[in-house]
Amino acid sequence: MVDGAEVASDLVVIAVGVRPAADLLIRAGAHHLADRSVVVDASMRTSLPDVFAVGDCVALPHLVLGRPAWVPLGPAANKTGRVAGTVAAGGTASFAGVVGTAVVKVFDLEVARTGLGLAEARAAGLAAVATDVVSRSRAKYYPGSSPLHVRLVHLRDGRLLGGQLAGCEGAAKRVDVLATALYAGLTVTDLAALDLSYAPPFAPVYDPVLAAAVKAVRPGPVRVRPAASTIGGSP
């Protein structure tokens, strides 16, 4: 504490963040961003002749921003290493880019994200809006069903920019649907039309991702009239 007071606790978490460790490359003259991440091409070549860079020190093409960005995540680090190794050995490979998909579990809470958050989108100069829904992880009558919060970040013309989910279950893998949508360039209208799976132990008839997309297309409360007969159970 700044004032010297002591606070009893069971656990202290110190989060200092991460920084790209690229000093050697930068001193050698490699092109880099302001955050000191090294810019590479699709084959992981730096601006220095015959020098490759991969992993958490490089800026990769961000498919939503349309420019290089530093997004230090394990899957991209692994893939860029494979690309650089293949090319350095005389093969052909390239890395398409990232959308910044990540997930974390804090005790019983799953939190997932992909693409841009609302603040990130607006900081990038995009006139973004957010659509929020609170749905269910399973059919509401099914044991274990719990609330699932979904946010879609998009433009008013329907372009999808990102999404976030949080809940005790169902957030971690549903975010992959949104990541795929970003890679494919789907709009929120496209997202609302996806034929996603349904069974009461796994989702409501309108999956939370679909419910958010429907609301983004048609702002206002999402109301779904139950069908007379539904395969797999009632909605």
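**Exercise 1.** Is alanine 93 buried, partly exposed or exposed?

*Solution.* The structure is a predicted model, in which local features need pLDDT of at least 70 and side-chain atom pairs count only at pLDDT 80 or more, while totals for chains, interfaces and linings use all residues. Residues are numbered from 1 along each chain as its sequence is written, and side-chain values use heavy atoms, with hydrogens and water left out.

Step 1. The classes are set by relative accessible area: buried is under 20%, exposed is over 50%, and partly exposed lies in between (1.4 Å probe, protein chains only).
Step 2. Alanine 93 has a relative accessible area of 22%, so it is partly exposed.
Step 3. Alanine 93 belongs to the loop between α2 (74–88) and β4. Helices (H or I, at least four residues) and strands (E, at least two) are DSSP runs, numbered from the N terminus.
Step 4. A contact means heavy atoms within 4.5 Å. Not counting residues up to four places away in sequence, alanine 93 touches Ala42, Ser43, Val83, Thr86 and Val87.
Step 5. Between alanine 93 and valine 83 there are 5.3 Å in space, C-alpha to C-alpha, and the two are 10 residues apart in sequence.

**Exercise 2.** Describe the overall make-up of the protein chain.

*Solution.* 
Step 1. The protein chain has 6 helices and 8 strands. Read from the N terminus, their order is α-β-β-β-α-β-β-α-β-β-β-α-α-α.
Step 2. The C-alpha trace spans about 70 × 55 × 35 Å along its principal axes.
Step 3. The protein chain has 235 residues, of which 36% count as buried.
Step 4. Among contacts with a separation of 6 or more, 51% are made by residues 24 or more positions apart.

**Exercise 3.** Which residues have the most contacts inside the largest nonpolar core?

*Solution.* 
Step 1. A nonpolar core is a set of buried Ala, Val, Leu, Ile, Met, Phe, Trp, Tyr and Cys residues joined through side-chain atoms within 4.5 Å.
Step 2. The largest such core has 28 residues, and Val150, Leu152, Leu160, Leu161, Leu165 and Leu191 have the most contacts inside it.
Step 3. Two or more residues of this core come from each of α3 (118–123), β7 (147–154), β8, α4 (171–184), α5 (188–192) and α6 (208–217). α4 gives the largest share, 6 residues.
Step 4. Another core lies apart from this one; it has 18 residues, including Ile26, Leu48, Ala53 and Val83.

**Exercise 4.** Why is α6 described as largely enclosed by the rest of the structure?

*Solution.* 
Step 1. Of the 10 residues of α6, 8 are buried, so the helix is largely enclosed by the rest of the structure.
Step 2. These buried residues are Pro208, Val209, Leu210, Ala211, Ala212, Ala213, Val214 and Ala216.
Step 3. The buried residues of α6 pack against β6 (129–136), β7, α4 and α5.
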